[in-house]
Amino acid sequence: MEIQKLYDFDDIEFEDIAIGLVRLAKDIPAHEFFYKINQANNLTFSRKKDLVFHGGYYDYFFPRFEAYHKYSKTCFTFISNKSSESKQKKVQTELFTEEENIKFLLNNQVDVEYILHSSEQFPDFSVILLPENLVFPIQDYTLSSDEELYQIIQYYE
């Protein structure tokens, strides 16, 4: 008897992920930003283990902050778009490598400070009250399954 295949990975369509892009109006440290968010909400964001991206020459570390909404049981995660730290793995011997000691998760959005992700399939970021005069409105953004950040978020989820 043959065992029936339950899943054919070639036929599975990966769903896009909806994220929010957070731009700060003022340059303030992360601890101050999340202190003000925690004051304005019934959410308590706390620092979690950094998201790590392994490049060819460097390992990049991106701060993560998480909170759970009491009533909806939704997890909200802020991920820094810019690496806070990098550790060199090997010396660059090539002249024009495209890898530097600072990395952005969204290379085409370098003005974005944080990427906001939710455990919900259709996230509602309006439940998070952002401090006035510190943050521009959250911009909705869709990640497709072929983007690098999509794979990273799926790994850390």
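Which strands do the buried residues of H1 pack against? Here are some notes to read alongside the structure.

1. **Before you start.** This is a predicted model, in which local features need pLDDT of at least 70, side-chain atom pairs count only at pLDDT 80 or more, and totals for chains, interfaces and linings use all residues. Residues are numbered from 1 along each chain as its sequence is written, and side-chain values use heavy atoms, leaving out hydrogens and water.

2. **Helix H1.** Helices (H or I, at least four residues) and strands (E, at least two) are DSSP runs numbered from the N terminus. H1 spans residues 30–40, and its buried residues are Phe33, Phe34 and Ile37. They cover an arc of only 90° around the axis (using directions from the helix axis to the C-beta atoms), which puts them on the same side of H1. Buried means under 20% relative accessible area, exposed over 50%, and partly exposed in between (1.4 Å probe, protein chains only). His31, Tyr35 and Gln39 are exposed, on the face turned away from the buried side. To settle the opening question, the buried residues of H1 pack against S1 (17–22), S3 (58–68), S4 (75–80) and S6 (114–118).

3. **The largest core.** A nonpolar core is a set of buried Ala, Val, Leu, Ile, Met, Phe, Trp, Tyr and Cys residues joined through side-chain atoms within 4.5 Å. The largest one here has 20 residues, and Ile19, Leu105, Leu143 and Leu149 have the most contacts inside it. H2 gives the largest share, 4 residues. A second, separate core of 18 residues includes Leu24, Ile28, Leu43 and Leu116.

4. **A buried asparagine.** Have a look at Asn81, in the loop between S4 and S5 (85–88). Asn81 counts as buried because its relative accessibility is 0%. A polar atom of the Asn81 side chain lies 3.1 Å from the backbone oxygen of Val112.

5. **Salt bridges.** Side chains of opposite charge can pair when their charged atoms come close. A salt bridge is a side-chain nitrogen of Lys or Arg within 4 Å of a carboxyl oxygen of Asp or Glu, and the structure holds 4 of them. One joins Arg23 and Asp111, with the closest N and O atoms 2.8 Å apart. Arg23 lies in the loop between S1 and H1 and Asp111 in the loop between S5 and S6, so this pair ties together parts 88 residues apart in sequence. Arg23 is buried at 16%, while Asp111 is partly exposed at 43%.

Methods
Contact = heavy atoms within 4.5 Å. Polar contact = N/O pair within 3.5 Å; in protein donor to acceptor, adjacent residues only side chain to side chain.
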